[in-house]
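Here is my note for your first look at this model. Please keep the structure open as you read, and find each residue as it comes up.

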Amino acid sequence: MTKLQIINADVVVTMDAGRHEIAGGTILIEDGAIVSVSASGQGQICDETIDARGCVVTPGLVNTHHHLFQTLTRAVPAGQDALLFDWLRALYPVWARMQPEDMFVSTQLGLAELALSGCTMSSDHLYIFPNGVRLEDTIDAAATVGVRFHPTRGAMSVGESDGGLPPDTLVENERDIVEDFIRVVDALHDPSDGAMVRVGLAPCSPFSVSTDLMKEAAALARDKQVMLHTHLAENDEDIAYSLENFGCRPGQYAEDLGWTGDHVWHAHCVKLDEQEIDLFAKTRTGVAHCPCSNCRLGSGIAPVREMRDEGVRVALGVDGSASNDAGHLLSEARQAMLLQRVRHGANAFAAREALEIATLGGATVLGRANELGSIEPGKRADIAIWDVSGLEAAGAWDPVAALLLCGPLKVRDLLVEGRRVVSGGELTGVDARKIAEHAHKRVARLMS
C-alpha cells in the first residue's frame, strides 16, 4: 500500500458539496485515493510527503473538448483571420497529410501543455484518420504524459461532393466508421472506477456526417454505455446550415436524433436559444464551453450565465490548438469568467465559479463526478498544487481568486491517481524539450 500526504497547504479548495476551503490543509492519499482531508495537524509516516506551504491546492482541472491532432497546426497563416468554415477549408488539406507519428507527437505535445496548466484529465475529439491513423496513436501518447484520457472516435462521412464541408479525401465510409466505433469501445474503453482511459463516440458535426450516422452513433453509445460528443450551434453559419438542411435549429436536431441526455455533451453551444437551453437543462445534456476558441474564430459569447442559471451542466474546453491556439486550461477558466462579465456585468461570474466549472464541472460533464472533480475522502487523487508565493500572485489578498485573476499560470505539482505528473513545475514522465524538438520536425514535414 502506497501512502502519500500533502501538508501545510495555505488553502485546500475542496469543491465538495459545501464548497469548503481548508486553511493549513493536509490531504492523506493511499493507493491513488483520497483517504482524509483535514486542517493541519501532525503528519503521518508516509512513502512520500509533499510540503504545500505557500500553495493553493485544488482538484485537477478537466478539459472536455480538444482536437489534439491540431497542436501541430498552430498559427497557420491561411487560418489566422478566418471564420469557422473558411478556417476549416484552409486546414483540411494540411490535416490530410498527417501520419500516425504526427498524431502521437501532436497529442503528446498538447497533453504536456495541458498538464503544466493544471489539467489532470482531458477528452479528445479525433475526427480525421488519414494514412493509417488510429485512435491508439493518441492513447499511446497520453500514457507517456500520465494524465487521465477520454478520447472520442470521431468521424466525417459527408464530403464536398455530397454537399458537406470537408474534402472527399478526409471522409470515411459509414460502414467502416461504425465498425471502428465498435472496435475501439470493445478494445479500449475501461468502465471501471479510477480508469485512466475511457472512450466515447463523436461524429464530427451535423455538417460533416449524415443523419443516419448520427442516429446510429447515438444508438450504439446507449448500447455500449459510453459517452457521446459532437459540435453544436458554434456560430451563425452553423445555425443557418441547420435551418437550411434540416429545417430546424441545432437543439431540435439533436433531440430528434437521440443526442440529448446525461451521457451526451456538445462542444461550443454559443448560439443556443432559450428553448434549447431549457431542453439541455431538462435532459441533463452537457456543454463544453470553449471561450478562447470562440473569441479566436469570432463565433460569439456563449450564454454560460443563462445555462448555469437554468441548471445546464457546463464544463470547459481549450478546443483544438489550431483555433485557440494554446492549450492552457486555467487561462480558459479566466477567459470564461471575463466574457460573462463583459456580457452581464462585473458581478455576473465570480472567480470561484470559473474554478468550479474547470474542475467539478468537467468531471460531471464527462460522467465521473463520483470519482473526480473534488478533494474529499473516496475520490481519486487528481490534485493540482499552485505556488502563490511568487511574483505573479504577490500582493493578492485572496489566494484562491488569484488563480483566476493574476496567477500563477503554471502548476507547481500535479498528481494523477496519486502519482506526480508534474513536480516542481517540470513534467516527470516526458522531456518537454524533446517533445518540442519532435514537434518542430513534424511541422517542417507538414509544411514541405
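**Notes on strands, cores and salt bridges**

1. Start with a strand pair. Thr230 stands opposite His266 in β11. Strand β10 (residues 228–232) and β11 pair in the parallel sense over five bridges. Two strands count as paired if DSSP finds at least two bridges between them. Helices (H or I, at least four residues) and strands (E, at least two) are DSSP runs, numbered from the N terminus.

2. A word on the source. This is a predicted model, in which local features need pLDDT of at least 70, side-chain atom pairs count only at pLDDT 80 or more, and totals for chains, interfaces and linings use all residues. Residues are numbered from 1 along each chain as its sequence is written, and side-chain values use heavy atoms, with hydrogens and water left out.

3. Now look at the other partner of β11. Strand β12 (residues 286–289) runs parallel to β11, and three bridges join them. Trp265 has Gly286 of β12 as its bridge partner. Between the two strands the chain passes through α8, and this β-α-β crossover is right-handed. Right-handed means that, with the strands pointing away from the viewer, the path from the first strand over the helix to the second runs clockwise.

4. Is β11 covered or open? It is mostly covered: five of its five residues are buried. The cut-offs are relative accessible areas: buried is under 20%, exposed is over 50%, and partly exposed lies in between (1.4 Å probe, protein chains only).

5. His268 sits in strand β11. Its relative accessibility is 0%, so it counts as buried. What does His268 touch? Beyond its neighbours within four places in sequence, its contacts include His65, His231, Glu234, Cys290 and Asp319. Contact here means heavy atoms within 4.5 Å.

6. Turn to the nonpolar cores. In soluble globular proteins, nonpolar side chains tend to be buried together. A nonpolar core is a set of buried Ala, Val, Leu, Ile, Met, Phe, Trp, Tyr and Cys residues joined through side-chain atoms within 4.5 Å. The largest one has 117 residues, and Trp87, Leu88, Trp95, Ile128, Trp259 and Leu404 have the most contacts inside it. Helix α1 (residues 84–95) gives the largest share of this core, eight residues. Apart from it lies another core, of 17 residues, among them Ile29, Ala381, Ile383 and Leu415.

7. Leaving aside neighbours within four places in sequence, Leu404 is in contact with residues including Leu330, Met337, Ala351 and Leu355.

8. Next comes Thr359. Its place is in the loop between α12 (351–358) and α13 (360–365). Thr359 counts as buried because its relative accessibility is 0%. A polar atom of the Thr359 side chain lies 2.9 Å from the backbone oxygen of Leu355. Outside its four-place neighbourhood in sequence, Thr359 contacts Met15, Pro59, Gly60, Leu61, Val62 and Gly373.

9. How many salt bridges does a search of the whole structure find? The search finds 35. Side chains of opposite charge can pair when their charged atoms come close. A salt bridge is a side-chain nitrogen of Lys or Arg within 4 Å of a carboxyl oxygen of Asp or Glu.

10. Take one of them. Arg445 pairs with Asp102, with the closest N and O atoms 2.5 Å apart. Arg445 is in helix α15 (residues 432–447) and Asp102 in helix α2 (residues 100–116), so the two are described as distant parts of the chain, 343 residues apart. Arg445 is partly exposed at 28%, whereas Asp102 is buried at 0%.

11. Here is another. Asp236 and Lys271 form a salt bridge (3.4 Å, N to O). Asp236 lies in helix α6 (residues 236–246) and Lys271 in the loop between β11 (264–268) and α8 (274–283), so the pair ties together parts 35 residues apart in sequence. Asp236 is exposed at 55%. Lys271 is partly exposed at 26%.

12. Some salt bridges join up. Arg19, Arg305, Arg308, Asp309, Glu353 and Glu356 are linked in a network.

13. Finish with Ile34, in strand β3 (residues 33–39). Ile34 counts as buried because its relative accessibility is 3%. Not counting residues up to four places away in sequence, Ile34 touches Ile27, Leu28, Ser374 and Ile383, among others.

Methods. Polar contact = N/O pair within 3.5 Å; in protein donor to acceptor, adjacent residues only side chain to side chain.
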